[in-house]
Amino acid sequence: AIDFRGYGASRAPAPSDDRYAGLEQDLLGAVDWLRRQGATRVSLVGGSMGGTASADALVQDGGRAIDDCVL
């Protein structure tokens, strides 16, 4: 589990006009980090806000780094 920007213990503020904007970038950054650490498969699981961010990340990824997504 990760803290999205502006939530939990993260230090980055949430965008003021759309608090959900850019959350998929947090996930794509986490996916990239996991791959660089040697992960051979990466799956996203999300509900509500996390489900939307996961779906957006999956579309942006285009099947390159995310293997599975459960919403």
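The buried residues of helix 1 (23-36) pack against strand 1 (43-45) and helix 2 (49-61). Here buried means under 20% relative accessible area, with exposed over 50% and partly exposed in between (1.4 Å probe, protein chains only), and contact means heavy atoms within 4.5 Å. Helices (H or I, at least four residues) and strands (E, at least two) are DSSP runs, numbered from the N terminus.

This is a predicted model, in which local features need pLDDT of at least 70 and side-chain atom pairs count only at pLDDT 80 or more, while totals for chains, interfaces and linings use all residues. Residues are numbered from 1 along each chain as its sequence is written, and side-chain values use heavy atoms, with hydrogens and water left out.

**The two helices**

The expected span of a helix is 1.5 Å times one less than its number of residues. The table sets out the values for both helices.

| Helix | Residues | Span between end C-alpha atoms | Expected span |
|---|---|---|---|
| Helix 1 | 14 residues | 20 Å | 20 Å |

In helix 1, the buried residues are L23, E24, D26, L27, L28 and V31. D26 counts as buried because its relative accessibility is 17%. Leaving aside neighbours within four places in sequence, D26 is in contact with I2, F4 and R5. After helix 1 comes G38, which has a positive phi near 105°.

In helix 2, G50, G51, A53, S54, A57 and D61 are buried. Seen down the axis of helix 2, these residues fall within an arc of 165°, so they line one face of the helix; the arc is that of the directions from the helix axis to the C-beta atoms. Their cover includes helix 1, strand 1 and strand 2 (68-70). Just after helix 2, G62 adopts a positive phi of about 65°.

**The largest pocket**

A pocket is an open set of points on a 1 Å grid over the protein atoms alone, where a 1.4 Å probe fits and protein lies on both sides within 12 Å along at least five of seven lines; lining residues have an atom within 4 Å of a point. The largest pocket has a volume of about 280 Å³, the volume being the space filled by probe spheres set on the points, which are joined across faces, edges and corners.

Its lining comprises 14 residues, and A1, I2, L27, L44 and V45 lie nearest the centre. Helix 1, strand 1 and helix 2 each give two or more residues to this lining, and the largest share, four residues, comes from helix 1. By class, the lining has 10 nonpolar, four polar and no charged residues. Ala, Val, Leu, Ile, Met, Phe, Trp, Tyr, Cys and Pro count as nonpolar, Asp, Glu, Lys and Arg as charged, and the others, Gly among them, as polar.
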